[in-house]
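Hi there,

Here is the structure I promised to pass on to you. Have a look at it first, and then read on for my notes on one of its domain interfaces.

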Amino acid sequence: MSQTVPVRLYVNGDRHDIDIEPRRTLADALRDDCGLTGTHLGCEHGVCGACTILVDGKPVRACLMFAVQAEGTSIRTVEGLAPDDQQLHPVQRAFWEKHGLQCGFCTPGFLMLVAGQLEEKPETDEEEMRDVLSSNLCRCTGYQNILKASMAAAEEMSG
Amino acid sequence: MIGARALRLEDPVLLRGAGRYAADTYHAGELHMRVVRSPVAHGRVRAVDVADALRLDGVVAAWTYDDVADLPAIGFRLTPREELLPYRQPVLARGVVRYVGEPVAVVFATSAYLAEDAAERVVVEIDQLPAHIDPDADPVAWVDAEQATWAAGLGTPLPEQDSEATRFVTEYGDVEAAFATGAGRIIELDAVIGRHTGVPMECRGLVAHYVEADQELVIDGAAKVPFWNRDAIADVTGLAPSQVVVRETHVGGGFGPRGELYPEDVLVALAAMRLRAPVKWIEDRQEHLLATNHSRGQHHRLRALVEEDGFIRALDATFTLDQGAYVRTHGATVGSLTSSMLPGPYVIPNFRVEAHVRLTHKTPHGTYRSPGRYEGTFARERLVDKIAAELGLGREQVRRRNFIAVEDMPYERPIQAMGTSMVHDSGDYRLLLDKMSEGYDFPGIRAEVAARRAAGEAVGFGFGYFVEKSGIGPVEGARISVDTRGRVSVTCGASSVGQGVDTVLAQVAAETLGIPHDEIRVVRGRTDRFGYGRGAFATRLSVMAGSAVANAAAALRDKAVRVAAHELKVSVEELELADGAVRLVADPGRGLSLAEIARLLEPVCAVEIKEDPGLDADGWFRSDHMTYPYGLHAAVVRLDRGTGQTVVERYLVGYDVGRALNPTLVEGQIAGGVAQGLGGALYEEFLYADDGTPLCTTFMDYLIPTAHEVPPIEILITEDAPSPINPLGVKGAGEGGVTAVAAAIASAVDDALQRPGAITSVPIRPQAVHDLAARATGSRATG
């Protein structure tokens, strides 16, 4: 069971060649083998969405996917969201300005969920956005500021 | 700066995924710990065999109780009543298991996956015994004399103990005499609060590493109370407290359970010492729901003596608290707070409450945001609604009749709360009710729901009033330092569980120093950077650490002005600190920047001017009393008679915090609290089968509200009653968002059903609403 296989992952435009057990989840591979600890694990059974990342542009629970299944895909994590060290992605900026985070643990998952949604559909309306946001859990904010931030980002990204 | 809606200092790091939570600390050569847990609620451990686990390559060690038999039971941090000592938890099960999830053995391996494999190979043989899961049932034998004597650790033999760990009475006035007069009406009420808990999004975790070169045990991933845990870990490992460094890094939510000292924390620290390797333990969610403190779970029985105008002459109450299998670090805190806060905003001249803390074969119990007040507020406000209904009075009217009057503030209630004498420091309870009623047009809301009911909808309006407490002492400190480049740091013993304490403390410092808050660095939660800190609990930091920072900033200002006066050869009265520089009031062009003053205080220069080196200053704040914020929650709900679903259409909160240091953060605390309160009112509950098997061990059966279930929350923050007992006038905002949610929702559901007193327990399940709606007949005016 400790036999490893070589896996090549493309994350935020970087190539990671790692040797891992086939049973290793994508979330663990990103965190432990690629050193990208911004992807957080809140439940490991696919409910909370803290580990949401983008695989080929689609939001995915990194805890429900094996790393070997991600070979050949393009992965984006929270570390790849901002264009550089000086600027934030519109979704990140909106979360800051609208107080859309408190402890910050669920935040990377929400950011990737919303970024994925808005990059695919910038004109998402509030009702649909609430539906989208209901796929992840936050225990600090009560969600309203997350919704406000997401709509502010939508306005900026569609404008 | 104080009172500004300043952006949070914490966010840029967190938004980039650059935070460091417990699982984000890595060391070369680290070992991973996995706990083997009891699969049964009650049983005698016949054998624990780790041989098969140890045969796996990469498994370094496996321990059972015999390996930790020299460790004492986990101690109490708060409310340490002596009679509770026999109920303390051993680090690993000691012959008997008492809840599903109790640590029985522990394995250490070179990877987390391998550690899980190894844990599955540990063979645990248990002779199952009957489980006792109903705290309302008569107490049963709980621990035998040997276990009681061992767990108490008093050095004297104790007899067998039963499952009622403690029973205590809190009272003032003369309840019996009041009831004996025969005057007035007796109104009784039963109120049940389900078992639920904080459930932060980050599970627990800890990484311990003994650094041989420094002779220090470094522990990352702590939360809430790092200083207390440092001392406890020093005791267990035999190190001096100064050799143990505890750092909280980032914390993914607290809410009460997170950060207390648990068996797993002791095991991680001990293993790092014994195995001489870094040891990492990260709890998974199923473990969290089985092993981290549960809370609530109380059954109240209230009996009130009421006059015809609604005045409550006497209240006689009892409640049982479902303590679960052991008494952990919180001691009797929740029962004690339930008792002392039960009267809330009302006079109630004669009061008596009897607490029964009872053990059951369930996960042990501790605090969860607004401990004792969520429960007590539900019970008391249900009672007040019932009084209004039975006397034919308005629900607001009865509350107004009973409020402590503003003229009577500060108001001493002759009982203790968290070991302090209870003095409502300030408050105008009527004014807040007036402001809410007028600001949100309660009469208009009532008319609207009545019209909708007349048209056939099941909608209702309800509310609950409450008093919170915050700012428990005894003391907190802070140091403000300015380096020779002029950069300002606040270093303190405060902790952050994600609430934004860095931002608020920076704002307090910025107010005095006259610089932007985001130019200030805040260092906290590390036992190697500051000497003392009581922790992030009981909504204490804005009051305690905030006041300490205010005092430190004032001391720093005085020092800077003194040094500048010396250098500029003027008197201190001629100078002022503004915009990060000390300037002549009469000639603002002349002055010294803080950086220049810091350079004047480099050691050689400082000695010459007879000052202590360095531009820094300490501030301390001591408080013997708590401060008491207060608020009102109101809700409009719509019931689906077909499915029994309760939809919360509107949620209103009025809260007086004395002074809002950052209104955006206050609103954030309130909104988050309401969401948790809605969970407890409508969705969340840890259920158990008759044999003590937990039925809610994943997020598919323990239901946390999502964005769909939480409506927009309308918040009115008032500053009508600043606290007279701290220099900022502030009262804490951390818990008032949750306190009255169950009370307000129940009141609104009653109204929607037009059946006063229909709801006597939370969570309010769809089945119950469905059944009540089916029985509801007729229509009455909203009172």
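A polar contact here is a pair of N or O atoms within 3.5 Å; within protein, one must be able to donate a hydrogen and the other to accept it. Please keep in mind that this is a predicted model.

By that rule, seven residue pairs are in polar contact between domain 1 of chain B and domain 3 of chain B, with both residues at pLDDT 80 or more. E13(B) has the largest share, four residues. Sorted by type, the residues of that side are seven nonpolar, one polar and five charged.

To place this in the chain: the domain assignment of chain B puts 11–160 + 203–250 + 258–291 in domain 1, 295–471 + 625–775 in domain 2, and 475–622 in domain 3. Between the C-alpha centres of domains 1 and 3 of chain B there are 40 Å, and 13 residues of domain 1 are in contact with 18 residues of domain 3.

Together these two domains of chain B bury about 1,200 Å², with carbon and sulfur atoms giving 54% of it. In domain 1, the residues that lose the most area to domain 3 are B:Lys224, B:Phe227 and B:Glu248, together 50% of what that side buries.

B:Glu248 turns up again in a salt bridge with B:Arg524, at 2.7 Å from N to O. The rule finds one salt bridge across this interface of domains 1 and 3 of chain B.

Best wishes

How values were computed. Residues numbered from 1 in each chain as written. Chains lettered and ligands numbered in written order. Predicted model: local features only at pLDDT ≥ 70, side-chain atom pairs only at ≥ 80, totals over all residues. Heavy atoms only, no water. Domains from an automatic or database assignment. Contact = heavy atoms within 4.5 Å. Buried area = accessible area lost by both parts, 1.4 Å probe. Salt bridge = Lys/Arg side-chain N within 4 Å of Asp/Glu carboxyl O. Polar contact = N/O pair within 3.5 Å; in protein donor to acceptor, adjacent residues only side chain to side chain. Helix = DSSP H or I, 4+ residues; strand = E, 2+ residues; numbered from the N terminus. Nonpolar A, V, L, I, M, F, W, Y, C, P; charged D, E, K, R; others polar.
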